[in-house]
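Welcome! Here is a short briefing for anyone meeting this structure for the first time. Please keep the picture open while you read.

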Amino acid sequence: MKKTYKIEIDCANCANKMEEATKKTIGVKDATVNFMALKMTVEFEEGVEAQEVMKLVLKNCKKVEDDCEIYL
């Protein structure tokens, strides 16, 4: 399952860091961050609860870029 989320991020480098942090999150199969559109597309592993995984994604993204925001 894929879902797209609105994000708030200041620079393209930060967006790359967010993308890598998201890809490393348990339950995420793949992720893409589009800095220009301020959107994140996340593909989830089979059988996971997307809302719970996104809480972990936000936590991991805040570790690499503390002023980022993902609108769940």
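A nonpolar core is a set of buried Ala, Val, Leu, Ile, Met, Phe, Trp, Tyr and Cys residues joined through side-chain atoms within 4.5 Å. Buried means under 20% relative accessible area, exposed means over 50%, and partly exposed lies in between, with a 1.4 Å probe and protein chains only. This is a predicted model, in which local features need pLDDT of at least 70 and side-chain atom pairs count only at pLDDT 80 or more, while totals for chains, interfaces and linings use all residues. Residues are numbered from 1 along each chain as its sequence is written, and side-chain values use heavy atoms, leaving out hydrogens and water. Helices (H or I, at least four residues) and strands (E, at least two) are DSSP runs, numbered from the N terminus.

**The core**

- The largest nonpolar core has 21 residues, and those with the most contacts inside it are Met18, Met40, Met54, Val57, Cys61 and Ile70.
- Two or more residues of this core come from each of β1, α1, β2, β3 and α2.
- The element that gives the most is α2, with six residues.
- In soluble globular proteins, nonpolar side chains tend to be buried together.
- Contact means heavy atoms within 4.5 Å. Not counting residues up to four places away in sequence, Met54 touches Tyr5, Met40, Val42, Phe44, Ile70 and Leu72.

**The strands**

- Two strands pair if DSSP finds at least two bridges between them.
- Strand β2 (residues 28-34) pairs with strand β3 (residues 39-44) in the antiparallel sense, over six bridges. In this pairing, Asp30 stands opposite Glu43 of β3.
- Strands β1 and β3 run antiparallel and are joined by five bridges. Here Lys2 is the residue opposite Glu43 in β3.
- Strands β1 and β4 are also antiparallel, with three bridges between them. Lys6 faces Tyr71 of β4 across this pairing.

**The turn between β2 and β3**

- The hairpin of β2 and β3 has four residues between its strands. Leu38 lies in this loop.
- Leu38 has a positive phi of about 55 degrees although it is not a glycine.
- Most residues other than glycine have a negative phi.
- Leu38 counts as partly exposed because its relative accessibility is 29%.

**Helix α1**

- Helix α1 (residues 12-23) has 12 residues and reaches 17 Å from its first C-alpha to its last, close to the 16 Å expected at 1.5 Å a residue. The expected span of a helix is 1.5 Å times one less than its number of residues.
- Its buried residues are Cys14, Ala15, Met18, Glu19, Ala21 and Thr22. Seen down the axis of α1, they fall within an arc of 165 degrees, so they line one face of the helix. The arc is that of the directions from the helix axis to the C-beta atoms.
- An α-helix has 3.6 residues a turn, so residues three or four places apart point the same way.
- The buried residues of α1 pack against β1 (2-8), β2, β3, α2 (50-64) and β4 (69-71).

**Two threonines**

- Thr22 lies in helix α1 and is buried, with a relative accessible area of 0%. Its side chain reaches the backbone oxygen of Met18 at 2.8 Å.
- Leaving aside neighbours within four places in sequence, Thr22 is in contact with Val28, Ala31, Met40, Val42, Val57 and Cys61.
- Thr25 is found in the loop between α1 and β2 and counts as buried at 4% relative accessibility. A polar atom of the Thr25 side chain lies 3.0 Å from the backbone oxygen of Ala21.
- With neighbours within four places in sequence left aside, Thr25 is in contact with Val53, Leu56, Val57 and Asn60.

**Helix α2**

- The 15 residues of α2 should span 21 Å at 1.5 Å a residue, and the end C-alpha atoms are 21 Å apart, which agrees.
- Buried in α2 are Ala50, Val53, Met54, Val57, Leu58 and Cys61. They cover an arc of only 145 degrees around the axis, which puts them on the same side of α2.
- The face of α2 turned away from the buried side carries the exposed residues Lys59 and Lys63.
- Glu49 sits in the loop between β3 and α2 and counts as exposed at 52% relative accessibility.

Definitions and conventions:
A polar contact is a pair of N or O atoms within 3.5 Å; within protein, one must be able to donate a hydrogen and the other to accept it, and residues adjacent in sequence count only if both atoms are side-chain atoms.
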